[in-house]
Number of protein chains: 2
Amino acid sequence: MDATRELIERFLAALESRDWTAFADVLDPEVVYEIPQSRERIRGRDRYVQFNREFPGDWHLRPTMILVEGGAGVARFEWRVGEAPPEEAFVFFGVRDGLLATVTDYWPEPYDPPRGREHLTERW
Amino acid sequence: MDATRELIERFLAALESRDWTAFADVLDPEVVYEIPQSRERIRGRDRYVQFNREFPGDWHLRPTMILVEGGAGVARFEWRVGEAPPEEAFVFFGVRDGLLATVTDYWPEPYDPPRGREHLTERW
């Protein structure tokens, strides 16, 4: 479990510092990256590293929680691009043979609350 | 950890079966429920049970993954309302004194992929 957490921490730190060698070092050569919301998939370490290298904008991420169980884990992080307000996002991981073999991102967007529950909710 | 998993499983099963007594039984009286995307918060077990009782539509949920570490956990689940296609959602939990004291939902919505990465991605 400590090994899984360490992999996830190294993954996030390498992204934030654009250290593509360190980033590749935590990935299984056959890693599968998925974004279920857009139904996009990238197969393989080389392409996935390239995807992140090429990702546009002055983006930054700051982990807020890592939760690990055996060879599975999830990180919650704050995502910020340029001067835009930060958003929250998640990435789920699966480990195989000591490397990250699955990486699955979620990017929940802000929305206005549906009407009819104001008698129970407060806003912040 | 098994205790946390069992609480989460009971929470999800009680929701799906509309068993509001069983649902209340896994909640701390001072539970705090949050939906960060809409910045809504509900304080207290009674109001949170009421919120779920009153939630409109013929909704169903099916857990696909539960990940637990100590007194923290997350469930991924498929969410279906009536005949609409199912969507994926998440709920993070925190346990205090053997009951769920924090419940935090995320509802990521489908979106179209940004252009410029088709050379790396496949769609499904």
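I take buried to mean under 20% relative accessible area, exposed over 50%, and partly exposed in between (1.4 Å probe, protein chains only).

**Basis.** I note that this is a predicted model, in which local features need pLDDT of at least 70, side-chain atom pairs count only at pLDDT 80 or more, and totals for chains, interfaces and linings use all residues. Residues are numbered from 1 along each chain as its sequence is written, chains are lettered from A in the order in which they are written, and side-chain values use heavy atoms, without hydrogens and water.

**Chain A.** I looked up burial and found that 45% of the 124 residues of chain A count as buried. The C-alpha atoms of chain A fill a box of roughly 50 × 35 × 25 Å along the principal axes. For secondary structure I used DSSP runs, numbered from the N terminus: helices (H or I, at least four residues) and strands (E, at least two). Chain A has three helices and seven strands, in the order α-α-β-β-α-β-β-β-β-β from the N terminus.

**Glu87(B).** I located Glu87(B) in strand E5 (residues 87-96) of chain B. Glu87(B) counts as partly exposed because its relative accessibility is 34%.
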